[in-house]
Amino acid sequence: MTISSARAREWRRFAAGAVALGVADWLLGLTPWLLLCGACACLAWHVYHVHLLARWLASGGRGPEPETRGIWAQVFESLSRIRRQNRKRKKRLRKVVMRFQQAAEAMPDGAIVLDAVGNILWMNAASSRLLGLERPRDIGLPVSGFIRHPSFADMLNAEEFDEPIQLSSPLREVVQLLIRVVPYGGSRRLMLVRDVSRIHNLELARKDFVANVSHELRSPLTVIVGYLEALRDDAQFPAEFGRPVEQMSQQAARMSRIVEDLLQLSRLEATPGAAGSERVAVTDMLESIARDAVALSDGAHRIHRDADCALCLLGDWNELYSAFSNVAFNAVQHTRAGGTVRLQWAPDGAGGARLDVTDTGGGIEAHHIPRLTERFYRVDKARSHERGGTGLGLAIVKHVLVRHDAELEVESRPGEGSRFSCRFPAHRVVRMEIPIEETFVEETAVEPGREAVGCGMTR
Ligand code: ADP
């Protein structure tokens, strides 16, 4: 019997009893004594069962359900059934949790559950191995007490969990750990720790190899280039060898440029972390780059410079010169004669600043753009070789910008030209205190044989 049919039956019984007692009262002329007695008996019966229920619940519903009849029998039975179902569900849930914990335990990576303030709630065996944590001793302790690294503390404090961080294990300096924190369930955090020593060592070996090979190639190449130049300049050198020697010179010069670019990349990679913070007057730097761009163009392009003189960068002069000149010279080399190249240095409206190098060249198809900063990636290999490109310029630009907390943004449409933007954050930008009348933002056309205009001067 279901509880609803038992309820209906109870109502029917109650109504029938009330009517019978009411009629008996009326027949016997006992205005409502029998009805009142019946109501009291009914109330006593229910109070007694409430008492039974309370006693049974107080025992945790563990003993057998009290034996009774009617609606109360149904109530006890339903409660027992719900209890049995709950017990089964709990068992199933416990099994799922156990299976999950076993899987997390078997993981080769460390997994640690943290609360909102970074205290350890749970950890697997691998995290003990990688970080030297111990269970249950370290449960409830702040994880920052075990990983004493400024970048880790910064990540937890700033709650910036987008990027993983790499650091040495607190147990062994040579073990490199990649740590990623994933927020979940409102205030909880799951911290994943992976041993990346093998990849790190391979990467180190690759960098060393490239640096060493480039270094070793430098001296023989200098000798070859020197001898080829001497042969070219030798008036008695047979004329029929003129062209082969010329080609050898060009290829040797190209190899030298590749070696120099590789060495520059190696130097950038060998100095990890942020670049220095000397004050760099970008306007003056652009003036010199614009002059070199004019020389490279040989007067075939219109080159404009448009700069906010008071805006300076905090960074490394040589690295920034290399990055900006790479982008500017690319613009000249990828723009047909008669085209325009524009160098613009201005605030970005959010406290930072940006250098935009815009050209009216052939542009780049969208699918090439994400790959431009890869080493040796060229959109048009043949053209790049023809122009003497190394395919390493934009890789250098990207490295320099990352070291200056900046980003490279490329917008381009085939046939319409390109815009390469170097975007610097506010903390890398300073405004020079120069008299108002000398602060100007002026557009300057840089022409061959004519000095470009510097800050604070009018033409
Ligand atoms: P490269 O030495 O070949 O110029 P970079 O790394 O400087 O090497 O550039 C990579 C590739 O990006 C170039 O080969 C070229 O195809 C493309 N590229 C760079 N700048 C421009 C530009 N302003 N317009 C069109 N294509 C460009």
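A search of the whole structure, which is a predicted model, finds zero disulfides. Cys37 takes part in no disulfide, and the nearest cysteine sulfur, that of Cys40, is 6.6 Å away. For Cys40, the closest cysteine sulfur is likewise in Cys37, and the 6.6 Å between them is too far for a bond, since a disulfide requires sulfur atoms within 2.5 Å.

Cys37 has a relative accessible area of 49% and is therefore partly exposed. Cys40, with a relative accessible area of 48%, is also partly exposed.

## Aromatic pairs

Seven aromatic pairs are found in a search of the whole structure. One of them joins Trp56 and Phe76: the ring centres are 5.7 Å apart and the planes stand at 90 degrees, so this pair is edge-to-face. The pair links distant parts of the chain, as Trp56 lies in helix α2 (residues 33-58) and Phe76 in helix α3 (residues 70-106), 20 residues apart. Trp56 and Phe76 are both buried.

Phe76 also pairs with Trp72. Their ring centres are 6.1 Å apart and their planes are at 40 degrees, so the pair is tilted. Trp72 and Phe76 are separated by about one helical turn because they are four residues apart in helix α3.

Trp56, Trp72 and Phe76 form one aromatic cluster.

Technical notes. Residues are numbered from 1 along each chain as its sequence is written. This is a predicted model: local features need pLDDT of at least 70, side-chain atom pairs count only at pLDDT 80 or more; totals for chains, interfaces and linings use all residues. Side-chain values use heavy atoms; hydrogens and water are left out. Rings of Phe, Tyr and Trp (its six-membered ring) pair if their centres lie within 6.5 Å; planes under 30 degrees apart count as stacked, over 60 as edge-to-face and the rest as tilted. Helices (H or I, at least four residues) and strands (E, at least two) are DSSP runs, numbered from the N terminus. Buried means under 20% relative accessible area, exposed over 50%, partly exposed in between (1.4 Å probe, protein chains only).
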